[in-house]
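Welcome to this short tour! Open your viewer, and get ready to select a few things one after another.

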Amino acid sequence: MDTYASPASALRINGPRLWQRLMDLAAIGATPLGGVRRVALTDADRAGRDQVVAWMQALGMAVRVDEVGNVFARRAGTDPSRAPVATGSHIDTQPNGGKFDGNYGVLAGLEVVQTLNDSGVATAAPIEVSVWTNEEGSRFVPVMMGSGAFVGAFSVGAVRAAADVDGHTVAAELARIGYDGPHPCGQIPGSKAYGAFFETHIEQGPVLEDADLPIGVVSGALGQRWYDVVATGQDSHAGPTPMPLRRDAMRACAEVVRAVHALALAEAPHGRGTVGHVRVQPNSRNTVPGRVDFTVDLRHPTEAGLLRMDAALQAACQQIERDTACRLEIKLATQFAPCAFDMSTAVRQAAQSLGLPHMDVVSGAGHDAVYLARTCPTGMIFVPCKDGISHNEIEDAKPEHLEAGANVLLHAMLQVAR
Ligand code: HGY
Ligand code: MN
Ligand code: MN
């Protein structure tokens with residue numbers, strides 16, 4: 001095998017092969033409108049994991065699974081003393097997710113490895129490709145669970161004890177799907193930390209498509225604060241109960257939704273506020289709801305902005321309690337600060353060496369790279385997605401953009417790994 005000569009080599013990934021793997025993986029948990037439903041630790045997630053592990057083994061990679069179900073595959077380097085250079089993302093999806101969110105980052109990593117294998121190129125540093133457990137945070141909280149546990153943001157015990165709305169714990173579900181791995185979470189064989197971590201991802205917003213650019217050099221990601229809120233009023237009859245005497249928990253929830261929208265707009269252009277999950281009890285059309293459980297997701301590029309939004313939410317809830325005679329209990333479920341990615345230069349150089357137009361972008365979405373950035377030099381590569389739509393079955397991306405992003409990943413990784 002020739003040792004890799006220089007970052008300017010003519011190495012290119014195989015775009016059609018990457019596209020085919022994306023389509024093959026998307027067939028697992030496929031939904032009627034062309035999306036994917038592989039919610040974390042469900043049978044569909046297991047099937048997706050099994051397929052990716054099979055591809056990893058077929059590429060001759062050594063595969064290991066850790067205590068929270070993170071999957072790691074390693075391609076040996078010529079110098080085992082070197083810290084591995086890693087890439088990866090997630091293959092769990094939203095309930096009505098798309099083909100590319102997360103999946104692209106994992107399969108671009110496998111495509112990089114296959115390109116190196118096909119061309120007989122060895123790297124000094126080992127190469128690793130990771131699949132992080134429950135990045136989406138849709139079934140189990142916290143979000144970016146596997147990568148957060150990997151860097152110590154959450155304890156393994158707390159993660160394994162996390163339960164979904166039906167009471168199923170992460171530990172039980174990992175065992176049930178066969179991914180309750182033996183490897184200690186956070187330990188990288190033969191190294192204290194990764195030499196670098198890169199994540200390739202669709203942008204999930206409109207910026208690159210509007211600018212008609214194939215590559216986004218991700219400078220950082222918004223910070224997030226996730227809350228669980230319980231509105232408590234009183235079940236009562238929808239007919240005989242006069243409006244002024246009601247303690248309508250659904251009205252309280254609706255007022256919080258309005259307040260969340262307003263406080264995010266007050267932080268324009270980068271503030272974000274979303275109420276995405278609502279559970280109404282007793283959920284009967286002719287009973288005034290006595291209890292509503294719902295979530296609030298706040299995001300901002302600065303810590304000060306997040307704290308302003310938090311204060312505005314608390315103040316609004318106190319006023320809404322007075323207006324509706326309901327109680328509002330607000331619990332902070334998870335949070336992480338805004339982060340910067342320090343390997344943007346390597347990503348930018350790789351794009352330039354490939355002659356690919358690019359621009360700096362900030363990620364509105366959280367990614368596993370946000371946690372990896374706490375332990376090693378980290379970079380992210382974005383490619384456009386159609387109409388900036390994601391977390392939606394119609395999520396789509398162009399093969400040529402996906403190919404370009406994977407080539408940038410290849411050359412960014414080789415800058416560090418050679
Ligand atoms: O919520 C997010 O930003 C990511 O999709 N987990
Ligand atoms: Mn994602
Ligand atoms: Mn997502």
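Before we start, one term: a polar contact is a pair of N or O atoms within 3.5 Å. Keep in mind too that this is a predicted model.

**Stop 1: ligand 1.** Select ligand 1 and show the residues around it: E135, E136, V143, Q224, W226, R299, A365, G366 and H391. Sorted by class, this shell has three nonpolar, three polar and three charged residues. Now color the two domains, domain 1 (2–221 + 338–417) and domain 2 (224–336): each of them gives at least three residues to the shell.

**Stop 2: the polar contacts of ligand 1.** Next, pick R299, where a polar side-chain atom is 2.7 Å from an oxygen atom of the ligand. Then go to H391: an N or O atom in its side chain is 3.2 Å from an oxygen atom of ligand 1. How much of the accessible area of ligand 1 does the protein cover? On its own the ligand has 220 Å², and the protein covers 95% of that.

**Stop 3: the manganese ions.** Select ligand 2, a manganese ion, with its protein donors H90 (NE2), D101 (OD) and H201 (NE2), which lie 2.1 to 2.3 Å from the ion. Are D101 and H201 buried or exposed? Both are buried.

Technical notes:
Residues numbered from 1 in each chain as written. Chains lettered and ligands numbered in written order. Predicted model: local features only at pLDDT ≥ 70, side-chain atom pairs only at ≥ 80, totals over all residues. Heavy atoms only, no water. Near = heavy atom within 4 Å. Polar contact = N/O pair within 3.5 Å; in protein donor to acceptor, adjacent residues only side chain to side chain. Areas by Shrake-Rupley, 256 points an atom, 1.4 Å probe, with all protein chains shown as cover. Nonpolar A, V, L, I, M, F, W, Y, C, P; charged D, E, K, R; others polar. Domains from an automatic or database assignment. Donors = N, O, S within 2.8 Å, 3.2 Å for Na, K, Ca; no water. Buried < 20%, exposed > 50% of the residue type's maximum accessible area, 1.4 Å probe, protein only.
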